[in-house]
Amino acid sequence: MPSTPVFPCNTIPSVSFTFGGTSFPLSAAALNLGMNPNDPSMCIGSIVAGKHGIWIIGNSFLRSVYTAFDLANVRVGFATLA
């Protein structure tokens, strides 16, 4: 079962992903989905950890970068937003 991270709302972590040697930071707003209803001092993260070391970064990351899907060569490219 996937695990959704939580963190103290007053200490939002700094997160970035590196692909092909380029680092792409995830903004605090993109990382933070809001307060945990069971503990308002904790916030819910938008990144989901799955089984076998697989991470689901999804929409939060894709909204933070330009993305190009190259189906012919079976690859994906990212670029920072202007």
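Strand E4 (residues 32-36) and E5 run antiparallel and are joined by three bridges; strands here are DSSP runs of E with at least two residues, helices are runs of H or I with at least four residues, and both are numbered from the N terminus. Two strands count as paired if DSSP finds at least two bridges between them. E4 and E5 form a hairpin, with two residues between them. Asn36 stands opposite Asp39 in E5. The model is predicted, so local features need pLDDT of at least 70 and side-chain atom pairs count only at pLDDT 80 or more, while totals for chains, interfaces and linings use all residues. Residues are numbered from 1 along each chain as its sequence is written, and side-chain values use heavy atoms, with hydrogens and water left out.

E5 is also joined to E1 by three bridges, and these two strands run antiparallel. Pro8 stands opposite Met42 in E5.

## Disulfide

The count of disulfides (cysteine sulfur atoms within 2.5 Å) is one. The bond joins Cys9 to Cys43, with an S to S distance of 2.0 Å. The link of Cys9 and Cys43 is right-handed, with 115° about the S-S bond. Cys9 lies in the loop between strand E1 (6-8) and strand E2 (15-19), and Cys43 in strand E5 (residues 39-45), so the pair ties together parts that are 34 residues apart in sequence.

Cys9 is partly exposed at 23% relative accessibility, and Cys43 is buried at 4%. Buried means under 20% relative accessible area, exposed over 50%, and partly exposed in between, with a 1.4 Å probe and protein chains only.

## Nonpolar core

The largest nonpolar core has 11 residues: Phe7, Phe17, Phe24, Leu26, Ala30, Leu31, Cys43, Ile47, Ile57, Phe61 and Val65. Strand E3 (22-26) and helix H1 (28-31) are the elements that give two or more residues to this core. Such a core is a set of buried Ala, Val, Leu, Ile, Met, Phe, Trp, Tyr and Cys residues joined through side-chain atoms within 4.5 Å.

Leaving aside neighbours within four places in sequence, Phe17 is in contact (heavy atoms within 4.5 Å) with Thr22, Ser23, Phe24, Leu26, Ile47, Ile57 and Phe61.

## Aromatic pairs

The structure holds six aromatic pairs. Rings of Phe, Tyr and Trp (its six-membered ring) pair if their centres lie within 6.5 Å; planes under 30 degrees apart count as stacked, over 60 as edge-to-face and the rest as tilted. The rings of Phe24 and Phe61 have centres 6.2 Å apart and planes at 85°, so this pair is edge-to-face. Phe24 is in strand E3 and Phe61 in helix H2 (residues 58-62), 37 residues apart. Both Phe24 and Phe61 are buried.

Phe24 and Phe78 are also edge-to-face, because their ring centres are 6.1 Å apart and their planes stand at 70°. Phe78 lies in strand E9 (residues 75-80) and Phe24 in strand E3, so this pair ties together parts that are 54 residues apart in sequence. Phe24 has 4% relative accessibility, whereas Phe78 is partly exposed at 27%. Ring pairs link Phe17, Phe19, Phe24, Phe61 and Phe78 into a cluster.
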